[in-house]
2 protein chains.
Amino acid sequence: MSKSYNVVLVSIGDELCIGQTLNTNVHWLSRELVKLGANVISHLTIKDEKDEIISSIKYFKSKTDLFIFTGGLGPTHDDITKKVLTKYFNDTLEMKDDVLVYLKKYFASRNRPFLDRHYEQAMLPSKSKIFPNTVGTAQGMLFMQDNYELLSMPGVPREMKNICENSFLEYVKSKIIENKNSVMVYRTIRTVGIAESTLADLIGDISFLNGNSLAFLPSYSGVKLRLGTKANSFEEASVILDGLEKYITEKCSDYIYSTKDEDLENQLASLLSEKKLTISAAESCTGGLFGSKITSLPGSSRYFNGSAVTYSNEAKNNILNVSEETLDNFGAVSKECAIEMARGAKEKYNSDLAISITGIAGPEGGTEDKPVGTVWIGVSSKNGTDAHKFIFGKDREINRELSTYNAMNLLINEIKKV
Amino acid sequence: MSKSYNVVLVSIGDELCIGQTLNTNVHWLSRELVKLGANVISHLTIKDEKDEIISSIKYFKSKTDLFIFTGGLGPTHDDITKKVLTKYFNDTLEMKDDVLVYLKKYFASRNRPFLDRHYEQAMLPSKSKIFPNTVGTAQGMLFMQDNYELLSMPGVPREMKNICENSFLEYVKSKIIENKNSVMVYRTIRTVGIAESTLADLIGDISFLNGNSLAFLPSYSGVKLRLGTKANSFEEASVILDGLEKYITEKCSDYIYSTKDEDLENQLASLLSEKKLTISAAESCTGGLFGSKITSLPGSSRYFNGSAVTYSNEAKNNILNVSEETLDNFGAVSKECAIEMARGAKEKYNSDLAISITGIAGPEGGTEDKPVGTVWIGVSSKNGTDAHKFIFGKDREINRELSTYNAMNLLINEIKKV
C-alpha cells in the first residue's frame, strides 16, 4: 500500500502554552484534514521563540509531508513567525502589490487608518505560494521543500478557517490525489447505557480487526467506538469499515444509537423535521444551555419555539404557571415542579412537545435529601407529562452538560412514540 | 536568577489527533501550573503508539523538569501508556493492594461487576509514586529520573482534575519551592473598543519592557495585553508587573476595562452583587447562550432571574407581550421589537434590569435590508428602555458570541448608571 499523507500541526503562541487560550484551531483543522484522508500524526504547541520554531521543524521534518503552522503573524512586535521562517528557508521578504491593494481596501472599507505597520503585512517571502485571507491582514504562506511543505497562517480562528476554506484544503486534496497516497478513514459508532469495560467484554476477542483499529471513547453521552483503516481509496476503506461495523453491531446492537457519529442535537433535529413537530423547553439549572445547544444548528427555528429560563421561583410561577403550592410543598427540584414546568412550556410556547430541567448544579444548594447533582427532567407531549430523576455528580459544568444530554435523549424517545 | 521549573504536557490519543475530541485538558493544566509559577514550555499531542511515546520523551527530556502525560490508561486493548512507560523506565508492574481495595469498593458502590480486566488497573509500576484517583479506576503514576520526572494520568478530564486537585498540584508546588526555582508570572489587562495595531501605536516604543514580555491578544470581547516576567519570587514579580501596568495604563487608560483579567461574566456578577440588583434576559438569535454563560458562574441565582428564549414570533408575543403590530410592521429583528422584548423580560421576571437580543445569526435569513449579522440589543432599567444596532459578520457561532458579549457590555454600562 502507498504511504499516507502525514500532517503535523504546530501552534505558536505563549497564550496557548500558559492556558490563556483554548486551542480550538487544531481541533477544527484535524477534522477537516481527516475528511480528506490525511493522517494527522501530531499537534505541537510552542512559545513565540525562534529556537522553538526551528527545532520543531527539525524534529518532525523526516516524518511529515506537511506542516501547518498557526499564529505569530500579527502586526505587533511579539509576532515573529514570518521573519523566522523566511530566514530558515533562505528566502527574503518582498512587497506583494496585489496584497497591498487588498490591504488598503480592507482598511478603507472598515473606516480604519492604514498605518505604517500595515505595509509589513504585504511583505511576503518571495518564493512562497500565497493562500489569500479575505477577512484579515495576514496571508497564508506555503514554503516548499523537496520532501515536505510548510504552511504558515494566522492563529485567529476566523482567518485560519477563511484561508483553509477558500483555497488551502483544496490544495491538500489535490496533493493527496497527485501523490497517490493511501487514505486514513474512520467511522464512529455511538452507544449509550453501557460502561466501557462491559462493552469491551461484549465485543470480546479483537482478532476480527485484522490490523485495523478500534478505540473506546467514553463521553457524557455514552461510549463511542471508533473504527479506523488505512486503504488505497475511500471506496476500499468503506468496504472494510462496513465489515467491521457489521461485526460490532451484531455483538452489541442493544446499545447502539448511531453508526454515523451523529450527535444528539442532530438526531433530534432530523427526527423533528421528519415528523414536522415543534419543541420548547423550561430550564432552571441549565440556565439556557439546552436552548443554546439546540439553536447552535442552523435552521433550528423551524422546530424550536424557545426556552423559558426560569431561575427564580417567582419566574417559574409567573412565566410557566408553576403553582405556589407545588413550590412550597415540594420545592423547585421535584417531580411535581418538573411536570408543571414542562406543561407550562408546552402551553406558553404552543409546541408539540416540551421538556423541563430543574436540579441542583452545585457547588452550593445541596441538602441531605437532595444532594448536589439531583436533577428532575420532565417531558410533555400529547401523550401526557412525566418526569424522571437523575443523580449526577458534584461538578457544576458536568451536571449541566449531563442534564442537557439526558433531556435530549428523553425527548428523542418521546418523539419516537408520538 | 535561578532557572524556571519547566513543564511539557503530552496528550496521548488518536481521538485528539483526528479532531474527534477537543483538548481541554492542556488548557486547564496549563492554567493551574502557571498559577504555581511553573513555565509550561510545550504541549504535544501524539497517537497511542509506542514509538511516538518514547520519541517524545527523548525529544524533550533535556529541556524539561516535568512531563505530564494524559491518556491511554483505560481498561481496553487500545490503552498502552502504562506498559510502554513501565518498560521504558526499566520497571515492572506489581499489584498494589490498597488500590485493589479501592477499586473493589468503587465498583460495588456503583452496583457494577468487578471484571477480570479491572484487576489490571491495580497493577502499577513498582518504583513509581502513586497519586490517587478517587473518581475513576486509573491512578496517577510518577516515574522519577535523575534530571526529570514524568507523571502519567488518565485523559478523562474529571479524573485528571481529581488527581491534580487531590495531591499532584501540591506536589509540584513543593518541588518549585524545594528547587528554589524562579517563577514565571503573568498579568493581563483587558481593553475594549480599540484595534490591535492602533493599541500598539498608542503604547509605542517597547523599551520600557526591559526584557519582560508584552503580548497582544485579540478576542471577541476586545484586545488583551498580557505582561509576563521571570522573577525570584511572586513578590518580586508583582513589583515589576505593577511598574509595567502603570506605564501601559497611562498610555491607554481610555480603553482599559480590567487589569485583573476579569471577564465580562465576572464583572457583571461583581457589579450586580455589589449593587444588589437582579437581571433577566429575552433571547432570540442567541437561543439561551446569554443565560448559559451567566449561569456558568456558581451563585448566579442570586442576581439572575432567568431568560425567555423566544425563537418564534408567537412566543415573543405570548411570553414577552411583544405586540403583533410591532412584529408585522417592523419584524422581529428591529429596534422596536428589541425594546418590547427587553421591557417584557423586565416585567415578566420582575428584575431590576433586562436585556434583549434579536438578530439574524445566519447562515440563512438575511435580506438586503437586514443582512446576516444584523443584531439589535435592547436594555431596560428604571431609567427607561433603549436598543442598539450591531452589524457583525457571516459566521453563526461568532455572531452569537459577539451578541452575548456586547449584551453583557451594554448591561454593565447601564448598571453603572442606575
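Domain bounds are taken from an automatic or database domain assignment, and for chain A this assignment gives domain 1 (6-178), domain 2 (183-258) and domain 3 (264-417). This is a predicted model, in which local features need pLDDT of at least 70 and side-chain atom pairs count only at pLDDT 80 or more, while totals for chains, interfaces and linings use all residues. Residues are numbered from 1 along each chain as its sequence is written, and chains are lettered from A and ligands numbered from 1 in the order in which they are written. Taken over C-alpha atoms, the centres of domain 2 of chain A and domain 3 of chain A are 32 Å apart.

Helices (H or I, at least four residues) and strands (E, at least two) are DSSP runs numbered from the N terminus. In chain A, the axes of helix 2 (residues 25-35) and helix 7 (residues 157-178) come within 11 Å and cross at roughly 20°, where axes are lines fitted to C-alpha atoms, for helices over the stretch in contact, and angles run from 0 to 180 degrees between N-to-C directions. Helix 2 of chain A and helix 7 of chain A are therefore roughly parallel, a term for angles under 35 degrees.

The open sheet of chain B has 4 strands in the order 10-11-9-12, with antiparallel pairing; two strands pair if DSSP finds at least two bridges between them. Because strand 10 (213-219) and strand 12 (256-258) of chain B stand at the edges with a single partner strand each, one side of each has no neighbour in the sheet. From one strand to the next, the twist averages 35°. Strand 9 (residues 183-191) of chain B is joined to strand 12 of chain B by 2 bridges, and B:Arg190 has B:Ser258 in strand 12 of chain B as its bridge partner.

Note on methods. Angles under 35 degrees count as roughly parallel, over 145 as roughly antiparallel, 65 to 115 as roughly perpendicular and the rest as oblique.
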